[in-house]
Amino acid sequence: MSLKQPSQFYTKLYKEIMGETVSASRAAILLGQLFSSKDHRRKRLPYTILLVDEVDQLVTRSQDIVYDIFDPQSRFIVFAIANTFDLPERVLKPKIQSRIGMNKLIFRPYDKHELSAIITSRLQHITTFSEDAVATCATKVASISGDARRALHLCSQATIIAEEEYGECRFEDAPDLKVETHHIEKAVKQMVESIEQLYIASLSLQEKLFLAAVVVLSRLRATQTFSFEDIMNRHRLLCAKLSIKPPSRESLSMVFTRLVEGGLALKASRVSKGHIQLKVSVDDVQFALHNDAVISTIKSDDNTSLMF
């Protein structure tokens with residue numbers, strides 16, 4: 001089941017268990033009663049495996065939903081998948097941490113060999129891609145994010161480019177026509193030359209470092225919204241990596257204002273309250289900064305790329 005907003009979790013779960021649709025607030029109450037130790041129905045419920053993908057998207061300000069998911073009184077065996085490996089320690093309240101088992105399985109970004117296997121698997125009944133095109137696509141995406149969805153999107157864009165090049169000749173009518181490496185290269189170039197990519201590439205170093213700080217924070221935490229203080233502290237760390245003097249708070253505020261005025265990179269309500277987030281996807285910003293001559297040199301403590 002998929003959710004449009006976190007509160008729908010209660011409605012969807014109650015329907016799966018009891019077969020009835022009720023409001024989110026009512027479902028939360030009924031589920032609480034159902035799993036109460038005083039409710040005789042609880043013992044008759046079978047244990048059920050509950051797989052929660054992107055559980056970090058259910059982390060609200062109160063964290064009530066996540067707290068209820070890991071209720072030890074429930075009859076669920078919970079497997080939770082998050083976009084950040086240290087979600088419990090970094091984000092969740094102690095009362096929730098105490099409910100969670102500490103056994104973790106870390107899924108690292110796909111490398112070029114794994115991406116190649118995924119693409120080949122998806123294209124197993126399609127003979128229009130050359131082996132070199134698949135390898136090029138996998139290598140390009142692995143060097144940036146390791147995101148399989150981006151790799152498949154790149155294949156889709158390359159197919160459109162190939163169809164335009166071949167004109168009226170259709171792949172099914174001409175087995176020799178294939179999506180080749182140069183089609184993948186053109187698809188990558190189009191992505192790089194999009195309005196957002198060009199805008200980010202034209203920014204000053206401090207503006208790029210501000211964006212880089214947001215990208216790094218988004219990878220470390222389960223939220224996409226950050227305080228100005230958090231971004232400023234991360235920005236200072238990036239400046240230290242480059243051995244440059246960080247700007248003052250006032251200067252960094254001006255950097256932030258320019259990015260907001262640009263209309264593409266960030267949006268905010270009140271800086272003092274910390275409602276700052278990317279207006280474009282983290283992947284797009286990461287892609288734009290990947291080939292930057294300065295940003296790409298920033299390394300983490302283990303000498304691996306800090307962002308990529």
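1. Ser 243 counts as exposed because its relative accessibility is 67%, where exposed means over 50% relative accessible area, buried under 20% and partly exposed in between, with a 1.4 Å probe and protein chains only. Ser 243 is placed in the loop between H12 and H13, the helices (H or I, at least four residues) and strands (E, at least two) being DSSP runs numbered from the N terminus. Although Ser 243 is not a glycine, it has a positive phi of about 60 degrees. Most residues other than glycine have a negative phi.

2. A note on the basis of these values: this is a predicted model, in which local features need pLDDT of at least 70 and side-chain atom pairs count only at pLDDT 80 or more, while totals for chains, interfaces and linings use all residues. Residues are numbered from 1 along each chain as its sequence is written, and side-chain values use heavy atoms, with hydrogens and water left out.

3. Glu 54 lies in the loop between S1 and H3, and it is partly exposed because its relative accessible area is 32%.

4. The largest nonpolar core has 31 residues, and those that touch the most other members are Ile 200, Phe 210, Leu 211, Ile 231 and Val 285; such a core is a set of buried Ala, Val, Leu, Ile, Met, Phe, Trp, Tyr and Cys residues joined through side-chain atoms within 4.5 Å. At least two residues of this core come from each of helix H10 (195-201), helix H11 (205-220), helix H12 (228-241), helix H13 (249-262), strand S5 (276-278) and helix H14 (282-290). The most is given by H11, with eight residues. Apart from this core lies another, of 25 residues, including Ala 133, Ala 138, Ala 151 and Ile 161.

5. For Ile 231, leaving aside neighbours within four places in sequence, the residues in contact are Phe 210, Ala 213, Val 214, Leu 217, Phe 226 and Ile 276, contact meaning heavy atoms within 4.5 Å.

6. The count of salt bridges comes to six, a salt bridge being a side-chain nitrogen of Lys or Arg within 4 Å of a carboxyl oxygen of Asp or Glu. One of them joins Glu 165 to Lys 186, with the closest N and O atoms 3.9 Å apart. This pair links distant parts of the chain, since Glu 165 is in helix H8 (residues 148-166) and Lys 186 is in helix H9 (residues 181-192), 21 residues apart. Glu 165 is partly exposed, with a relative accessible area of 40%, and Lys 186 also counts as partly exposed, at 42% relative accessibility.

7. Glu 207 forms a salt bridge with Arg 258, and here the closest N and O atoms are 2.8 Å apart. The partners are 51 residues apart, with Glu 207 in helix H11 and Arg 258 in helix H13, and the pair links distant parts of the chain. Glu 207 counts as buried because its relative accessibility is 9%, whereas Arg 258 is partly exposed, with a relative accessible area of 37%.

8. The side chains of Arg 249 and Glu 229 also meet in a salt bridge, at 2.3 Å from N to O. Arg 249 lies in helix H13 and Glu 229 in helix H12, so the pair ties together parts that are 20 residues apart in sequence. Arg 249 is partly exposed, with a relative accessible area of 35%, and Glu 229 is partly exposed, with a relative accessible area of 37%.

9. Strand S1 (48-52) and strand S2 (76-80) are the elements that give two or more residues to the nonpolar patch. Leu 51 is placed in strand S1, and this residue is exposed, with a relative accessible area of 58%.

10. Asp 68 lies in helix H3 (residues 64-69) and counts as partly exposed, at 36% relative accessibility. The side chain of Asp 68 makes a polar contact with the side chain of Tyr 10 at 2.6 Å; a polar contact is a pair of N or O atoms within 3.5 Å, where within protein one must be able to donate a hydrogen and the other to accept it, and residues adjacent in sequence count only if both atoms are side-chain atoms. The C-alpha atoms of Asp 68 and Ala 28 are separated by 8.9 Å, the two residues being 40 residues apart along the chain.
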